[in-house]
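Let's take a walk through this one together.

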Amino acid sequence: MTTIQLTARDFKGKVDPDWCPGCGDFGVLNSLQRAAAELGLRPHEIITVSGIGCSSNLPGYINTYGAHTLHGRSLAFATGVKMANHELTVIATGGDGDGYGIGGNHFTHTARRNVDVTYVVMNNQIYGLTTGQVSPTSRIGQKTKSTPFGSVEYPINPITSAIMNGATYVARGYSGDVRHLTELIKGGIEHQGFALIDVFSPCVTFNLDNTHNFFKDRIKKLEDEGHDYGDWAAACEKAMLWGDEIYIGKFFHMESDKESLTALEPVLRDGPVAKRTGGLTEEQAQRIVQRMM
Amino acid sequence: MSDGNFDFALAIGGEAGQGIATPGDTLARIVVRRGLHLSTYNAYQSIIRGGHIFLTVRIAEREVRSHGDKLDMLLALNQDTMNRHLRLLGSGAAALYNSDAISPGDHADGVQLCPLPVNDLTGSQRAGLNQNTVALGAMMHLLGLDFELLETSINQQFARKGEDVVNENVRVALAGYTHAQENFTPFPMPMPEGGEPLGVWSGNEALAMGGAAAGVKFYAAYPMSPSTGVLHWMAQNARNLGIMVRQVEDEIGVANMVVGAAHTGARAMCATSGGGFALMTEAIGAAAMMEIPCVFINVQRAGPSTGVPTKTEQGDLWQALGASQGDFERFIVSPKNALDAYNTVPELFNLADKLQCPGIILSDLLISEGRYSVQPSDIDFYPVIDRGELITEGTSNGDAYLRYKDTPSGVSPRAVPGTEGHVHTVATDEHDEDSMLLSDEFTNPHRRRASVEKRARKFDGAASLIAPPEIEGPANAEVTLVGWGSTAGVIDEAIEQLAERGVTANQLAIKWLLPFHSEEVTAALTSANRFIIVENNYSGQFARYLRGETGLSAYGHIRKYDGEPFAPHHIADGVQDLLGRDGGVFVPYQEVIV
């Protein structure tokens with residue numbers, strides 16, 4: 001049987017996205033579809049897991065297995081999927097509120113565990129689906145419907161958080177640069193371990209501060225400056241910059257020093273647990289009885 | 001020769017850190033090796049050192065499922081235990097204590113005081129640890145057991161610590177045994193030989209083993225008393241049995257991880273207590289909406305909130321009934337004892353797989369942390385495993401696959417991720433047959449109605465898949481006692497006591513709460529002379545549920561909500577009291593303060 005090389009078009013879902021015209025999430029969807037095709041993956045080999053929010057509708061628009069789970073819980077669900085069947089390519093998607101707010105605890109621990117999941121966060125620095133409230137990545141001073149006089153809270157930094165929490169592949173993309181983002185996602189999928197790709201994905205309806213123009217004027221690519229992605233301190237320093245220059249690219253990549261949970265978990269050495277059917281063998285039952293006596 | 005009625009209870013009391021578990025365990029092993037039955041209940045606090053621990057070990061020739069009413073032998077490891085419990089011993093009972101440190105107080109006539117001069121007997125000042133072993137030796141004599149049994153047990157228990165430790169323990173134990181021979185009178189009925197050797201397990205171990213036998217391949221948990229024993233067993237056995245076991249950051253993560261793992265086709269389970277279960281509930285609704293079968297265990301403890309973490313209660317019935325927002329179908333089952341808990345797990349998994357829905361097990365501290373004897377041949381290690389309509393293989397020609405196909409039964413064949421030709425998305429949003437969302441871009445009342453009805457239709461006749469409760473005990477009894485879950489065993493014994501007191505009673509023990517056998521229960525209770533509901537909570541959660549499902553109100557209620565489980569006489573007293581005053585609510589007095 002010959003394998004036909006699929007194209008991004010083959011990963012198009014059955015329905016078109018219901019995002020607002022101009023939404024940054026289109027570029028992220030496009031990049032994911034391209035990354036899957038360029039890596040030679042087939043739709044049934046991938047599962048895209050999301051939470052709730054505008055961006056979390058993405059699994060419906062991509063032709064892979066999908067799970068549109070609860071708000072904030074994509075990483076927990078995705079970890080369950082990966083640890084039960086590690087032969088699947090597991091991609092988690094969602095927004096900044098979903099991942100860094102309500103799902104913040106799972107974000108910390110999925111990074112720490114180095115679960116082999118590629119997490120693509122469409123970070124628009126606002127709650128869009130609930131019509132525009134402050135998010136964990138909204139800048140201090142930002143005016144939203146829930147902070148009409150300007151936010152007095154500092155935002156989370158997803159890049160430094162992920163590195164500190166133990167993620168082994170940490171990148172930031174921009175949805176307006178699909179080619180660049182595609183490469184970051186491909187790198188994340190190929191990486192054995194937890195990969196965060198935080199993506200500036202502007203909300204054209206509710207965040208009029210962090211627009212496409214805002215980013216286009218400021219974005220610089222780490223690879224153009226010879227950044228050493230093996231240097232976590234340099235990565236954090238670059239990630240903290242927020243002003244006239246904002247960096248995108250691969251901040252941090254630990255290629256071999258820290259193994260993924262899949263590699264470390266001895267139970268998986270005989271293959272995915274999802275494919276083990278049946279209960280106890282006679283030998284196992286006898287051993288259990290011996291312990292009870 | 002024994003008349004088959006040997007029924008003996010001993011208790012060991014002290015503070016946390018005094019090593020109560022070790023002599024308790026040693027005795028338990030000796031007892032079950034003789035083929036005698038065992039039911040133990042450990043009253044303790046949420047503390048690692050200090051407090052008051054009181055381990056009751058009931059030993060009987062027949063199977064017993066409560067810690068009983070009486071105490072035959074007390075080992076007091078500290079003065080506090082002596083002060084609390086000596087006064088509760090009756091004639092014929094014995095109290096053992098380290099006379100170097102503890103003095104007895106007032107006691108009933110006929111109680112044999114057994115002071116153990118531990119320092120003299122052992123020639124050591126390390127009384128703290130030695131007193132347990134000295135006492136074990138003395139207990140062997142009182143129980144009419146050969147010292148060799150204890151010697152063998154000590155050998156096995158301390159073998160790994162080396163010969164010196166074994167020899168020292170045997171020496172100390174023998175000193176206690178010899179001292180008892182010279183000074184104490186053994187109980188009139190020595191501990192008999194039972195049948196075949198039995199095993200020991202806790203309810204939590206039974207739940208975990210039931211999962212393993214059911215083919216559970218993914219188990220996740222956050223530690224929470226009194227459910228943590230399930231995690232411990234799973235973690236200990238994970239590698240041997242090929243089970244993926246994960247300790248997760250919180251119960252929200254646990255539940256969602258379990259749903260994710262179950263989605264891949266692995267049988268997945270988790271256990272927690274009420275507080276953790278509260279965090280899991282949104283995921284239970286998600287499992288129902290996505291139609292992913294998985295099992296959630298709630299080992300109830302006294303609540304609300306943090307409550308009394310180490311005490312038992314049946315206070316989470318309404319929490320289970322209301323677990324998760326929305327209107328959906330699921331199974332809720334409350335096993336009656338450890339073996340029943342074991343058998344419930346594979347049965348519930350088969351039901352959940354068949355109807356692609358979540359299942360909830362309501363255990364409680366009494367079942368889960370109690371340790372019970374079990375005849376290994378009574379354990380079905382190879383239960384039927386029925387995965388329902390599960391698709392794990394496909395070809396690329398499966399484009400017509402609809403994950404939520406609207407079938408006559410409501411059950412849609414479920415393809416697992418990785419299967420070729422069956423690519424689909426599952427969603428917690430309402431969705432159509434093809435899993436397209438009905439919530440965002442458009443809503444459609446006709447599709448929504450069809451989706452709700454499809455899921456509900458799976459449960460048409462579901463009650464016929466499970467066994468209805470039946471009246472057990474004498475027909476036409478004066479009183480029918482109705483309990484649910486863990487009260488079944490203690491009610492059985494209360495019925496025996498009532499018979500001795502001239503009151504005929506029988507029992508309707510409820511196990512399945514959802515679906516509820518309304519017709520069968522209505523028939524049984526309307527033909528009863530009168531019925532009394534026994535439950536471990538304040539407000540009568542089951543009484544209200546029963547009224548809602550059947551329209552029937554009980555003649556009386558026996559409720560206990562002090563954290564301690566029912567003893568048989570609490571119920572027998574309650575029945576007599578209620579019969580004397582034409583119903584009402586009886587709340588038994590807990591005599592043992594622990």
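How much area is buried between chain A and chain B, and what share of it do carbon and sulfur atoms give? Keep in mind that this is a predicted model. The buried area comes to about 5,000 Å², and carbon and sulfur atoms give 62% of that. On the chain A side, the residues that lose the most area to chain B are A:Tyr65, A:Met292 and A:Met293; together they make up 15% of what that side buries. The size of an interface is often given as this kind of lost accessible area.

Now for the polar side of the interface. Between chain A and chain B there are 22 residue pairs in polar contact, with both residues at pLDDT 80 or more. One to click on is the salt bridge between the side chains of B:Arg246 and A:Glu265, at 2.8 Å from N to O.

The two chains also share strand pairing. E2(A) pairs with strand E17 of chain B (residues 425-427) in the parallel sense, over 3 bridges. In general, strands of a sheet pair through backbone hydrogen bonds, either parallel or antiparallel.

Moving into chain B, look for an open sheet of 6 strands in the order E18-E20-E19-E22-E23-E24, with mixed pairing. Its edge strands are E18 (471-472) and E24 (584-586), each of which pairs on one side only. Within this sheet, strand E22 (residues 531-535) and strand E23 (residues 556-559) of chain B run parallel and are joined by 4 bridges. B:Glu535 stands opposite B:Arg559 in E23(B).

E2(B) is mostly covered, with 6 of its 7 residues buried. E2(B) pairs with E3(B) in the antiparallel sense over 7 bridges, and the two form a hairpin with 6 residues between them. B:Leu38 has B:Ile59 in E3(B) as its bridge partner. E2(B) also runs antiparallel to strand E14 of chain B (residues 371-374), joined by 2 bridges; there, B:Thr40 has B:Arg371 in E14(B) as its bridge partner.

B:His52 lies in strand E3 of chain B (residues 50-60). Is B:His52 buried or exposed? Its relative accessibility is 1%, so B:His52 counts as buried, the cut-off being under 20%. What surrounds B:His52, leaving aside its neighbours within four places in sequence? Its contacts include B:Gly14, B:Ala43, B:Tyr44, B:Asp80, B:Arg84, B:Ile593 and B:Val594. B:His85 is another of its contacts, and a polar contact of 2.9 Å joins the side chains of B:His52 and B:His85.

How values were computed
Residues are numbered from 1 along each chain as its sequence is written. Chains are lettered from A and ligands numbered from 1 in the order in which they are written. This is a predicted model: local features need pLDDT of at least 70, side-chain atom pairs count only at pLDDT 80 or more; totals for chains, interfaces and linings use all residues. Side-chain values use heavy atoms; hydrogens and water are left out. Buried means under 20% relative accessible area, exposed over 50%, partly exposed in between (1.4 Å probe, protein chains only). A polar contact is a pair of N or O atoms within 3.5 Å; within protein, one must be able to donate a hydrogen and the other to accept it, and residues adjacent in sequence count only if both atoms are side-chain atoms. Contact means heavy atoms within 4.5 Å. Buried area is the accessible area (1.4 Å probe) that two parts lose on being put together, summed over both. A salt bridge is a side-chain nitrogen of Lys or Arg within 4 Å of a carboxyl oxygen of Asp or Glu. Two strands pair if DSSP finds at least two bridges between them.
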